[in-house]
Amino acid sequence: MNETICALATAPGGAIGIIRISGPKSLEILSHVFSKDLLQAQPNTIHYGHIKNGEEIIDEVLVSVFRAPHSYTGEESAEISCHGSRYILNKVIALLIANGCRQAGPGEFTQRAYLNGKMDLSQAEAVADLIASTNQTTHQIAMSQLRGHFSSKLAQLREQLLKLTSLLELELDFSDHEDLEFADRSELTELTKTIYNHIIRLAQSFETGQALKQGIPVAIVGKTNVGKSTLLNRLLKDDRAIVSDIHGTTRDTIEDTIDIHGVTFRFIDTAGIRETSDTIEQIGIDRTYQAIQKARIVLWLIDTEPSREEINNINRHSENKKLIIIKNKSDKDSNNSYNLLNIPFIAISAKFGTGIDELERAIYEAADISTLTENDIIVTNARHYDALVRAHDNIQRVIDGLEMQLSGDLLSEDLRQALDTLAEITGGQITPNEVLGNIFKNFCVGK
C-alpha cells in the first residue's frame with residue numbers, strides 16, 4: 001500500500017489509451033515525466049502537456065488529477081490520456097516504472113479501493129461483473145450491486161441478527177435479575193424466521209442469476225424433421241445447424257446464444273424424438289431428455305397434431321419448466337387448432353420467418369424477468385451463494401433450537417456463525433464490541 005502502482009486501464013488498440021497511477025507518490029512521479037509540476041495541482045482537474053524522457057517528447061497528453069480520499073482507490077492518483085499507439089503506451093509505462101512506479105497486479109486498483117474503504121467486497125466483485133456484462137440485464141444487476149443494494153440488504157439482516165444476539169446475551173448475562181424482562185421465545189422465533197426467509201430468497205435467486213450471466217437455457221425439442229434446426233438457424237440469424245429432409249440428421253445437441261430484449265438466451269437444438277434402433281441416434285435422443293432437464297424453457301415444435309402419448313411424454317419430461325408449444329410450417333398448413341391441445345400454441349414458419357417476433361416475445365415473457373428493476377437483488381456470485389447457504393443452515397439451527405428450548409449460549413453461537421458468514425460477503429468483521437454497543441443502544445440496562 002506504500003508503493004505507487006501504474007497500469008494501462010483501457011483495452012489496447014483504440015485511438016486513446018488511459019494509464020492509471022495510484023499511490024502516495026503518484027503526483028511526484030508524474031511531475032518528473034510531465035511538462036508541468038503537478039504537486040500543487042487542485043483535485044479533480046485536467047492538465048494539458050507532454051510526457052517527456054529528458055528532452056525527448058513521448059506524447060501530447062491530458063492528465064486528470066485526483067486527491068485522496070476522493071479517488072477511485074482512495075489514494076492520490078492520476079490518469080494519463082495518451083494516444084492509443086502500443087509503442088507510446090508501453091513507453092509511458094516504462095518511463096513511470098523507471099521513476100518509481102510498480103506495475104499493478106490484476107485487480108489491484110479495485111483491491112486498494114476495498115482496503116481503503118471505498119467499497120466493500122461485494123461491490124468490488126461487482127466491478128468485474130460490470131466489465132463482463134454482455135447485455136442490459138447483466139449490466140443492470142452489476143450496477144445494482146455496485147451501488148450497494150446487496151450490501152444494504154445484508155446490513156439490514158446483520159442488524160436483525162445483532163438484535164437477536166443481543167437479546168440472547170442479555171438473557172445469559174442478566175438472567176439472575178428477575179425484574180428484567182426480555183423478549184419471549186415466540187418473539188425470537190418470529191424474528192428468526194423473518195431473517196431465515198430473507199436469506200433463503202437471496203440464495204434462491206442464485207439460480208436465476210447464473211442463468212442470466214450464462215444465458216437462460218432453452219431446449220428446442222420435437223420429432224425428427226419437424227424443423228428444429230431451421231428454427232435455431234432462424235433465431236440465430238445464422239446457418240448454425242445442418243438442415244436436411246433426412247430424418248435423424250441431428251445426432252447431438254447444438255448450442256448458441258442470442259439476446260432477446262436485453263436478455264441472453266442459450267438455445268439448445270436437440271435430436272428428434274422417435275423410436276429408433278440406431279445406437280448413435282438413441283444416444284442423441286437420450287441427450288435430448290437431458291437437455292430438457294437442464295433447460296428453464298422448453299420449445300416443443302410440432303407440424304402435425306400430436307398424439308395423446310406424445311403430449312403426455314413431453315409434459316412428463318418438462319414438468320416444472322416453462323413449456324411453449326410451437327406449430328411450425330404454417331406456410332403449408334393453416335390449421336391453427338388441434339383437438340388434443342387445449343392450451344395455446346404459436347404458429348410459425350421457421351423457413352420463412354413468419355411468427356418469429358411473436359415467438360421471441362413469448363420466450364422473453366417465459367423467462368419471467370421482465371419485472372426486474374435496478375433495486376432487485378439477484379445473487380450471481382458463487383462465493384456469495386455459498387455464504388448464504390451456510391448462513392441459512394446456521395439460522396435453521398437457531399429455529400430448531402428455539403423450538404427445542406435450547407439454552408441461549410448454544411443459540412448465540414449459531415447466530416454468531418451466521419453473522420460471521422454474512423460478513424464474509426462484504427468483507428466486514430463482527431466483534432464483541434459491536435454486540436455490546438448494540439445492547440447499550442437498544443436497552444437501558446442500568447435504569
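Let's start with Arg20. Its charged end sits over the ring of Phe109, 5.4 Å from the centre. Arg20 also lies over the face of Tyr72, at 5.0 Å from the ring centre. "Over a ring" means NZ of Lys or CZ of Arg within 6 Å of the ring centre and within 35 degrees of the ring normal.

A word on the source. This is a predicted model, where local features need pLDDT of at least 70, side-chain atom pairs count only at pLDDT 80 or more, and totals for chains, interfaces and linings use all residues. Residues are numbered from 1 along each chain as its sequence is written, and side-chain values use heavy atoms, with hydrogens and water left out.

Now salt bridges (a side-chain nitrogen of Lys or Arg within 4 Å of a carboxyl oxygen of Asp or Glu). How many salt bridges does the whole structure hold? The search finds 14.

Take Glu3 and Arg102. Their closest N and O atoms are 2.6 Å apart. Next, Arg112 bridges to Glu75, at 3.2 Å between the closest N and O atoms. Are these two buried or exposed? Arg112 is buried at 2% relative accessibility, and Glu75 is buried at 8%. Buried is under 20% relative accessible area, exposed is over 50%, partly exposed is in between (1.4 Å probe, protein chains only).

Third, Arg296 and Glu207. The closest N and O atoms are 3.9 Å apart. Arg296 is partly exposed at 25%. Glu207 is exposed at 55%.

Last, the network. Shared partners join Glu3, Glu75, Arg102, Glu108 and Arg112 into one.
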